[in-house]
Amino acid sequence: ISEQEAYIRAIGQANQPFLKAYSEELYAIEDLLVTIEKKGLDDPEIIAYFSEKNEAMQDAIERILTIPVPTVWVPEHSQLLSLFIRVSLANQYIAEKRNDPIQTTIALSTLIEHAETLGTIAETYEAKIQKQGLTLK
């Protein structure tokens with residue numbers, strides 16, 4: 001197995017908890033917004049939800065930081081890690097800074113907007129895997 005193939009396999013495994021938490025969050029965002037509107041940002045359910053998602057994302061980030069990155073993959077890895085950190089910070093902000101509705105709105109927008117960015121990064125990885133001729137069996 002090549003260094004690049006080992007990296008792709010490792011990053012694929014390490015990012016699964018993040019992707020699971022983020023996809024669940026995006027799926028539930030409409031209901032979460034309704035709950036926030038009805039109960040406010042101080043609602044324990046809202047605080048617990050965003051705290052839990054942030055913890056799952058932080059765990060994934062910590063795993064990703066331990067993966068050796070081949071030089072050829074550094075730009076993509078940096079983009080992915082940066083996105084994960086921004087989404088995690090948005091969750092942390094929502095869970096901890098409940099007294100600023102404007103900043104919380106920005107954090108919620110960040111969560112939604114970065115879904116498209118994640119898709120773009122995934123496409124970049126797929127294209128590079130093909131370009132490098134990597135087999136991931």
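1. The model is predicted, so local features need pLDDT of at least 70 and side-chain atom pairs count only at pLDDT 80 or more, while totals for chains, interfaces and linings use all residues. Residues are numbered from 1 along each chain as its sequence is written, and side-chain values use heavy atoms, with hydrogens and water left out.

2. The protein chain has 5 helices and 0 strands; helices (H or I, at least four residues) and strands (E, at least two) are DSSP runs, numbered from the N terminus. Of its 137 residues, 39% count as buried, that is, under 20% relative accessible area with a 1.4 Å probe, protein chains only.

3. Helix H1 (residues 3-14) and helix H5 (residues 101-132) have axes that come within 12 Å and cross at roughly 155°; axes are lines fitted to C-alpha atoms, for helices over the stretch in contact, and angles run from 0 to 180 degrees between N-to-C directions. The two helices are therefore roughly antiparallel (angles over 145 degrees). Gln4, Tyr7, Ile8 and Ile11 of H1 meet Tyr125, Ile129 and Gln132 of H5, where contact means heavy atoms within 4.5 Å.

4. His77 lies in helix H4 (residues 74-96). Why does His77 count as buried? Its relative accessibility is 8%. Not counting residues up to four places away in sequence, His77 touches Tyr7, Ile11, Ile64, Val69 and Tyr125.

5. The side chains of His77 and Tyr7 are joined by a polar contact of 2.7 Å. Such a contact is a pair of N or O atoms within 3.5 Å; within protein, one must be able to donate a hydrogen and the other to accept it, and residues adjacent in sequence count only if both atoms are side-chain atoms.

Technical notes: Buried means under 20% relative accessible area, exposed over 50%, partly exposed in between (1.4 Å probe, protein chains only). Angles under 35 degrees count as roughly parallel, over 145 as roughly antiparallel, 65 to 115 as roughly perpendicular and the rest as oblique.
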